[in-house]
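Here's a quick tour of a protein model for someone new to reading structures. Have a look at the picture first, then work through the notes below it.

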Amino acid sequence: MKRLSAADPNRVAIIVRAWRRRFAAAEATGRARPGYEVYINKTRRKNGGMPPGHVHFTIGAAILLILLIPIGLRDDRIYKHGALIVAIGGVWGYAPDFYRLTSIEALEKLHYSPWADLFALHYSMDRTGLGDGWWTIVSFSLFFASVAAFQLSAWFVARDREPTQRAVESD
Ligand SMILES: [Zn+2]
């Protein structure tokens, strides 16, 4: 058989014919085009079982809010920065996933190494295999619970402080 070179029009025709056959077969069975399907499956496999970004964001924010409550009980200035704490905690938890938006290889290596656990247990969360739906329920519940705990502790601290303040003012 004659060997085909890259520029050989016969070679191109053979490839085009093969693809047409695959598309025709796929369309006949009502499935998506093979090329598209291969791409989607590859993407799914790559992200398989990993919780979506908002889950890392809400868990990071929840952990930081909870960690700062004991500090707030000693120094109530912390309670003035709730929104900032949520933003910083969220970005902290999400940070390893920034490799998806950039082409920084070091960041991707970090994401797939246990060191990513330093970012709100990102590595372990990615490996639980828990579905998106469950992760969303768990993370949003923890997030709202942590916001409530943070706000309640702020109210208790403010309430406990009031009598002494009033005493100081009446002196
Ligand atoms: Zn991730």
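**A helix with a bend**

Let's start with a kink: helix H3 bends by about 35 degrees at Leu-68, shortly before the proline Pro-70. The bend at a residue is the angle between axes fitted to the seven residues ending there and the seven starting there. Keep in mind that this is a predicted model, where local features need pLDDT of at least 70, side-chain atom pairs count only at pLDDT 80 or more, and totals for chains, interfaces and linings use all residues. Residues are numbered from 1 along each chain as its sequence is written.

**The overall picture**

- The protein chain has 7 helices and 0 strands, where helices (H or I, at least four residues) and strands (E, at least two) are DSSP runs, numbered from the N terminus.
- Going along the sequence, you get the pattern α-α-α-α-α-α-α.
- Of the 171 residues in the protein chain, 21% are buried. A residue is buried if 20 or more other C-beta atoms lie within 10 Å of its own, exposed if 12 or fewer, and partly exposed in between, with C-beta atoms placed from the backbone.
- Take the contacts between residues at least 6 apart in sequence: 70% of them join residues at least 24 apart. Two residues are in contact if their C-beta atoms, placed from the backbone, lie within 7 Å.

**How confident is the predictor?**

- The mean pLDDT of the protein chain is 81, with 74% of its residues at 70 or more; pLDDT is the predictor's confidence in each residue, from 0 to 100.
- Among the elements, helix H2 (residues 34-47) has the lowest mean pLDDT, 52, while H4 has the highest, 97.

- H3 covers residues 53-74, which is 22 residues, and reaches 33 Å from its first C-alpha to its last, close to the 32 Å expected at 1.5 Å a residue. That expected span is 1.5 Å times one less than the number of residues in the helix.
- Leaving out residues up to four places away in sequence, Thr-58 touches Gly-90, Ser-139, Phe-140 and Phe-143.
- Thr-58 and Gly-93 are 35 residues apart along the chain, yet their C-alpha atoms are separated by 7.9 Å.

**Helix H4 and its partners**

- H4 has 13 residues and reaches 18 Å from its first C-alpha to its last, close to the 18 Å expected.
- Its buried residues are Ile-85, Val-86, Gly-89, Gly-90, Trp-92, Gly-93 and Tyr-94, and the buried residues of H4 pack against H3 and helix H6 (122-126).
- Phe-119 is in contact with Trp-92, Gly-93, Ala-95 and Pro-96, leaving aside its neighbours within four places in sequence.

- Glu-108 is part of helix H5 (residues 105-111) and counts as partly exposed because it has 15 C-beta neighbours inside 10 Å.
- The C-alpha atoms of Glu-108 and Asp-97 are separated by 7.9 Å, with the two residues 11 apart along the chain.
- Ala-120 lies in the loop between H5 and H6, and its phi is near 50 degrees, a positive value in a residue other than glycine.
- Leu-121 lies in the loop between H5 and H6, with a positive phi near 60 degrees.
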